[in-house]
Amino acid sequence: MLKLLVIDDEKDFSRIISKEYVPMGCEVYIAETGEEGLKKFAEVRPDIVIVDNKLPDIAGVDVVKKIRADGNDVLLFMVTVDREEHVLEAIRPYQVDKYMKKPFKLLELKDSLIGLMGEAIKRKKELGA
């Protein structure tokens, strides 16, 4: 079973992820702030983290930095409404696996997330989990 962690203060976005992926057998965890997201990350050790850059406390880029600073190779998916060049430059050193600029179509999100889920399943098989 894949674990997804959504770190986004937009409740509708988080609900969409839950509604779409829980029936597919995923466990979906939700955090509305960066600090809450980091705490949940440590607790549940998700396979995929979807993080918004615009959070009420710390930027998603800083969440990514903290996750990577601990040597975690979790799959990271950044979403943002910020200027694309600015965010892409900031996340470049931290191996973000997928990036999407809001607003986007639900089908685009789904396609990207399905690709990451396939990668997460492959990693689990390689680790024998």
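Biologist: In which sense do strand β1 and β2 pair, and over how many bridges?
Modeller: This is a predicted model. In it, strand β1 covers residues 3–7, and its pairing with β2 is in the parallel sense. Within this pair, K3 stands opposite E27 in β2. The number of bridges between β1 and β2 is five.

Biologist: Which strands stand at the edges of the open sheet?
Modeller: The sheet is open and has five strands, in the order β2-β1-β3-β4-β5, with parallel pairing. A strand at the edge has a single partner strand, so one side of that strand is left without a neighbour in the sheet. The edge strands are β2 (27–31) and β5 (98–101).

Biologist: By how many degrees are neighbouring strands of this sheet turned against each other on average?
Modeller: The value ignores direction and is an average over neighbouring strands of this sheet. The turn is 15 degrees.

Biologist: Which strands does helix α3 touch, and what angle does its direction make with that of β4?
Modeller: Helix α3 (residues 60–69) packs on the sheet. The strands touched by α3 are β1, β3 (48–52) and β4 (75–80). With the direction of β4, the direction of α3 makes about 170 degrees.

Biologist: What is the orientation of α1 and α5 to each other?
Modeller: Two packed helices are described by the angle between their axes and the distance between the axes. For helix α1 (residues 11–21) and helix α5 (residues 106–127), the axes are 12 Å apart and the angle is about 60 degrees. The crossing of α1 and α5 is right-handed. From the angle, α1 and α5 are therefore oblique.

Biologist: How many residues of the contact of α1 with α5 are nonpolar, polar and charged?
Modeller: On the α1 side the contact is made by F13, I16, I17, E20 and Y21. On the α5 side L106, L109, K110, L113, I114 and M117 take part. The contact of α1 with α5 divides into nine nonpolar, no polar and two charged residues.

Biologist: Is F41 buried or exposed?
Modeller: F41 is found in helix α2 (residues 34–44). Leaving aside neighbours within four places in sequence, F41 is in contact with L5, P46, V49, I67, N72 and V74. The relative accessible area of F41 is 5%, and the cut-off for buried is under 20%. F41 is therefore buried.

Biologist: What value is phi of R45 near?
Modeller: R45 lies in the loop between α2 and β3, and at 47% relative accessibility R45 counts as partly exposed. Most residues other than glycine have a negative phi. R45 is a residue other than glycine with a positive phi, near 45 degrees.

Key: Residues numbered from 1 in each chain as written. Predicted model: local features only at pLDDT ≥ 70, side-chain atom pairs only at ≥ 80, totals over all residues. Heavy atoms only, no water. Axes fitted to C-alpha atoms, helices over the stretch in contact; angles between N-to-C directions. Helix = DSSP H or I, 4+ residues; strand = E, 2+ residues; numbered from the N terminus. Parallel < 35°, antiparallel > 145°, perpendicular 65-115°, else oblique. Left-handed = near helix turned anticlockwise from the far one by under 90°. Contact = heavy atoms within 4.5 Å. Nonpolar A, V, L, I, M, F, W, Y, C, P; charged D, E, K, R; others polar. Buried < 20%, exposed > 50% of the residue type's maximum accessible area, 1.4 Å probe, protein only. Pairing = 2+ DSSP bridges.
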